[in-house]
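Here are some notes on the side-chain packing and surface of the model below. Please read them next to the coordinates.

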Amino acid sequence: MASGQIAITVLMGIFLVAVTALLTRMENWRSYAPASSGASGLTGEETSYGHSEKPGGIARWLTTVDHKDIGILYGAYALVAFAVGGIMVILMRTELLWAGEDIMSASMYNSLLTSHGITMLFLFGTPIIAAFGNYFVPLLIGADDMAFPRINAIAFWLLPPGALLIWGGFFIPGIEAAQTSWTMYTPLSAEQPMIGADLMILGLHLTGVSATMGAINFIATIFTERDEEVTWANLDIFSWTMLTQSGLILFAFPLLGSALVMLLLDRNVGTTFFATEGGGAILWQHLFWFFGHPEVYILVLPPMGLISYIIPRFSGRKLFGFKFVVYSTLAIGVLSFGVWAHHMFSTGIDPRLQVSFMAVSLAIAIPSAVKTFNWITTMWNGKVRLTTPMLFSIGFVANFIIGGVTGVFLATIPVDYLLHDTYYVVGHFHYVIMGAIAFAVFAGIYYWFPIYTGKMYQKTLGKWHFWLTMIGTNLTFFGMLILGYLGMPRRYATYNLVSVGPIDLFTILHQSATVGAFILLAGQLIFVWNVVSSWLYGQRLTDGDPWDLKDDGLYSREFRWHDRRMDDDLVLADGGESGDESDEQ
């Protein structure tokens with residue numbers, strides 16, 4: 001087994017060296033221009049959008065360093081991961097329809113449980129945010145491209161092999177998938193013999209390196225590539241949240257990488273970093289959660305920025321208290337590194353430390369409440385238009401309030417003792433991840449759909465997608481909150497032998513949660529159909545202001561860029577030549 005693990009590690013190293021060598025030899029990657037308007041957006045031959053310089057077909061997507069192309073690659077990758085993670089959870093929820101072991105073994109359930117969490121957090125959550133950031137941050141700040149376009153491409157291309165390693169235990173014959181849960185608690189994760197756990201750790205390494213490279217790029221881009229008219233005072237709220245998220249990644253992900261190296265050495269070399277005679281299992285929890293809780297804000301801050309950006313557009317007014325939203329974003333970024341041990345109240349750490357972590361965990365709810373107040377006040381007495389992006393934004397606010405309030409209880413020591421490791425934690429966490437983050441992602445996709453496709457989605461299907469997702473989310477995860485109050489432990493493949501709580505009521509609540517999961521599935525199938533069919537067969541827009549933002553003075557940079565691109569495309573389509581005009585993005 002050890003020789004097999006070493007061989008896989010060596011092959012992975014050779015693959016990475018080969019990819020790096022290939023990337024460094026692509027000398028003409030930037031010989032074509034990114035799709036920006038004017039001389040400021042050109043780095044190659046004289047042309048407005050550089051279509052003629054880009055290779056066609058698959059070669060374009062394999063060699064592109066255009067920030068918009070890479071944004072689309074990130075988005076496609078993340079949505080595929082979202083589908084894989086969703087299929088995993090549908091299988092798990094089907095198993096939980098009844099109390100016994102019915103459609104899969106406990107080991108298979110544990111493998112799905114582990115891969116579902118890692119897939120949704122590392123393969124969907126972080127990349128989908130990078131998709132929006134890559135495509136729109138340069139447009140919003142008036143930059144030609146990201147500060148380091150090649151590094152931007154490398155960061156993306158680390159993700160597909162990372163996903164294959166994380167999922168490798170399911171499709172490589174003779175290798176069993178990891179069964180550690182996404183938190184990888186020791187000593188379980190250090191002692192499990194299956195090689196799938198080693199593959200998962202290597203895959204997580206690649207995703208962590210990718211995220212760190214992307215964070216450095218976003219920080220450099222926002223600091224150095226802004227247009228002269230874009231100052232810190234008028235920098236858009238989405239770019240502020242991307243900048244704060246990148247700072248969190250820069251401090252959090254390298255720590256996770258170090259802890260994963262230590263865990264890999266414990267598993268394969270015989271070190272004792274997390275063994276009882278060494279650092280101890282609690283050391284892993286401290287290291288993991290010092291990354292793990294900032295990771296929640298790494299995932300939620302840019303969606304908060306999306307919501308803060310979209311709600312004013314469909315309320316007919318500017319964001320209420322813009323500066324306070326920025327300050328609360330920075331406050332969350334700072335406080336997020338002081339709350340990790342509230343995940344560990346039940347481990348027996350010093351009560352004085354517990355009280356300090358409880359205080360900071362309660363305090364971090366304040367800047368989140370400030371944002372919620374600002375969102376609601378922005379809509380108050382505004383000209384609210386219930387478009388699909390706005391519906392998802394309102395759904396975000398409603399679900400985030402539930403997720404936030406339930407989190408306050410878990411930050412309180414005596415309540416946490418009762419609810420820790422129950423389905424209450426699962427319900428709370430998913431109200432934030434699915435009920436808030438995914439809702440903001442859908443709002444962003446629908447809001448900017450005209451820009452990256454030049455077409456409009458089917459509005460009725462978009463609203464069906466919202467209502468099915470909203471109903472399914474609350475039916476699934478509110479039932480889990482009740483299960484937690486009844487004492488149902490989480491991560492159980494079966495519950496016919498659970499000694500606490502009424503089994504019949506457990507079964508009913510699990511069945512309602514499973515029904516909610518299938519409603520969610522129906523909503524996402526509509527979403528896929530809507531996006532794909534509209535992108536391929538929808539009628540091309542002729543108006544660069546599809547949301548009528550000019551009427552309220554909220555016509556922003558990315559739509560001005562889109563309008564100019566449409567004008568130039570029409571000129572080219574009529575056989576004219578596009579001039580090399582200098583204009584802001």
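Is Phe 442 buried or exposed? With a relative accessibility of 2%, Phe 442 counts as buried, where buried means under 20% relative accessible area, exposed over 50% and partly exposed in between (1.4 Å probe, protein chains only).

The model is predicted, so local features need pLDDT of at least 70 and side-chain atom pairs count only at pLDDT 80 or more, while totals for chains, interfaces and linings use all residues. Residues are numbered from 1 along each chain as its sequence is written, and side-chain values use heavy atoms, with hydrogens and water left out.

1. Aromatic pairs. Rings of Phe, Tyr and Trp (its six-membered ring) pair if their centres lie within 6.5 Å; planes under 30 degrees apart count as stacked, over 60 as edge-to-face and the rest as tilted. The count by this rule is 54 aromatic pairs. One of them is edge-to-face because the ring centres of Phe 392 and Phe 439 are 5.4 Å apart and the planes stand at 65 degrees. Phe 392 lies in helix 14 and Phe 439 in helix 16 (residues 423-453), so this pair ties together parts 47 residues apart in sequence. Helices (H or I, at least four residues) are DSSP runs, numbered from the N terminus.

2. Burial of that pair, and a further partner. Phe 392 counts as buried at 0% relative accessibility. Phe 439 is also buried, its relative accessible area being 0%. Phe 392 and Phe 442 form a tilted aromatic pair, at 5.4 Å centre to centre and 50 degrees between the planes. As Phe 442 lies in helix 16 and Phe 392 in helix 14, the pair ties together parts that are 50 residues apart in sequence.

3. Nonpolar surface. Ile 376, Trp 380, Ile 401, Val 405, Phe 409 and Tyr 485 make a nonpolar surface patch of about 620 Å². Patches are made of residues with over 30% relative accessible area and no salt bridge, nonpolar side chains being joined within 5 Å. Helix 14 (residues 388-410) gives the most to the patch, with three residues. Phe 409 lies in helix 14 and counts as partly exposed at 37% relative accessibility.

4. Charges over rings. The criterion is NZ of Lys or CZ of Arg within 6 Å of the ring centre and within 35 degrees of the ring normal. The charged end of Arg 226 sits over the ring of Trp 232, 4.2 Å from its centre. Lys 550 lies over the face of Tyr 555, at 4.9 Å from the ring centre.

Methods. Patch = residues over 30% accessible without salt bridge, like charges linked within 9 Å, V, L, I, M, F, W, Y side chains within 5 Å. Areas by Shrake-Rupley, 256 points an atom, 1.4 Å probe, with all protein chains shown as cover. Salt bridge = Lys/Arg side-chain N within 4 Å of Asp/Glu carboxyl O. Helix = DSSP H or I, 4+ residues; strand = E, 2+ residues; numbered from the N terminus.
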